[in-house]
Amino acid sequence: MEINEKYMRRALDLARHGLLDASPNPMVGAVIVGNDGRIIGEGWHRRCGEGHAEVNAVASVRDRESLLDSTMYVTLEPCSHYGKTPPCADMIIERGIPRVVVGTADPFAKVSGRGIARMKAAGIEVVTGVLEDECRALNLRFMTAHEKQRPFITLKWAQSRDGFIDGKISTPLTSMLVHKLRATHDAILVGSGTVLADNPSLSTRLYAGKSPVKVVLDRRRRVGPEAGIFKGDIPVIMMSDYGLLGDAMSELYRKGITSVLVEGGAQVLESFMKEDLWDEIRVEISPECINGRVKAPDLIRLPFVIDSETVDGHRIITYRN
């Protein structure tokens, strides 16, 4: 088991390279070890629509004959269906890899144990559950989306020390961190009030990552085509005809969105909290008082702090539901 964990940790390290580009697919890493205990191939899922970790790992092996007596370590169950690429489980079988060690099963309905079953049926020795907690945590957003049939939901706001969210609060550095956060989500969501009041672009212009899909809750259809969110080539999803917020989130999941960053305004944030429809909350607290007009959501109901740091004198706290 110690040997299995050693190579699985390497696979986890590789998987993290896909943080900005793999979504809505999961981050996955794969390591292939020869019969002498040396690594002969490595790979990770670099970008959605491109080769999966297993395919990239096999492609990096110089001597294909060495695959016939090797072990593949992969953080997530190999896929068993045709998506944008062929099934990895079939590729593993065809290459004659005799042993596969899997970190965790894939909750996606089209896989969900089928990849493991297919490899076992082909005579491959399959070991599962190695560093399972770590492998699940790596893809918490992906896991949550497919298990709950809705995107992983992060609520985000910045507030002054006296509890207001209107006015300029973030510093240039903390603003860059917000744009980094945007780059790690499939979509960014605001209410129509925020669009009308601030005319935001909702881009990641302060960070090198991709810009997420823009989602606007607009029951009264107040947002016109001249709004800044429509500038550029990033898709915009306007949501008007929905019942509860949960219905809107289910619709986003059906559109292939596995994570959503909710940025406001205050009424939208409170609505998500009231419906207990959130997975993480990130709050930036400035040391300044601004005596503003718009109160921040109530933090008293958020007891589960998973991270806290100070950046530019601002405290950034992350809560987990």
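1. Lys231 is located in the loop that runs between strand S8 (213-217) and strand S9 (236-239). In this predicted model, Lys231 has a relative accessibility of 61% and therefore counts as exposed, the cut-off for that class being over 50%. The C-alpha atom of Lys231 lies 41 Å from that of Thr104, a residue 127 positions away along the chain.

2. The next point concerns a helix pair. Two packed helices are described by the angle between their axes and by the distance between those axes. For helix H3 (residues 88-95) and helix H4 (residues 114-121), the axes come within 9 Å and cross at roughly 20°. H3 and H4 are therefore roughly parallel to each other, since angles under 35 degrees are placed in that class. The crossing of H3 and H4 is right-handed.

3. Which residues of H3 and H4 meet? On the H3 side they are Ala89, Asp90, Ile92 and Ile93, and on the H4 side Gly115, Arg118 and Met119. Sorted by class, the contact of H3 with H4 comprises 4 nonpolar, 1 polar and 2 charged residues.

4. A search for aromatic pairs across the whole structure returns 1. The pair is formed by Tyr7 and Tyr73, with 5.2 Å from centre to centre and 40° between the planes, and is classed as tilted. Tyr7 belongs to helix H1 (residues 2-15) and Tyr73 to strand S3 (residues 71-76), so the pair ties together parts that are 66 residues apart in sequence. Tyr7 and Tyr73 are both buried.

5. Most peptide bonds are trans, and most residues other than glycine have a negative phi. A cis peptide bond, with omega of about 10°, joins Ser23 and Pro24; Pro24 is placed in the loop between H1 and strand S1 (29-33). Another cis peptide bond links Gly264 and Gly265, with omega of about 5°. Gly265 is in the loop between strand S10 (259-264) and helix H10 (266-274).

6. Leu131 has a phi of about 50° and is situated in the loop between strand S5 (125-128) and helix H5 (132-138). Is Leu131 buried or exposed? Its relative accessibility is 9%, so Leu131 counts as buried, given that the class requires a value under 20%. Asp276 has a positive phi near 55°, and its position is in the loop between H10 and strand S11 (280-285).

How values were computed:
Residues are numbered from 1 along each chain as its sequence is written. This is a predicted model: local features need pLDDT of at least 70, side-chain atom pairs count only at pLDDT 80 or more; totals for chains, interfaces and linings use all residues. Side-chain values use heavy atoms; hydrogens and water are left out. Helices (H or I, at least four residues) and strands (E, at least two) are DSSP runs, numbered from the N terminus. Buried means under 20% relative accessible area, exposed over 50%, partly exposed in between (1.4 Å probe, protein chains only). Axes are lines fitted to C-alpha atoms, for helices over the stretch in contact, and angles run from 0 to 180 degrees between N-to-C directions. Angles under 35 degrees count as roughly parallel, over 145 as roughly antiparallel, 65 to 115 as roughly perpendicular and the rest as oblique. A crossing is left-handed if the near helix is turned anticlockwise from the far one by less than a right angle, and right-handed if clockwise. Contact means heavy atoms within 4.5 Å. Ala, Val, Leu, Ile, Met, Phe, Trp, Tyr, Cys and Pro count as nonpolar, Asp, Glu, Lys and Arg as charged, and the others, Gly among them, as polar. Rings of Phe, Tyr and Trp (its six-membered ring) pair if their centres lie within 6.5 Å; planes under 30 degrees apart count as stacked, over 60 as edge-to-face and the rest as tilted.
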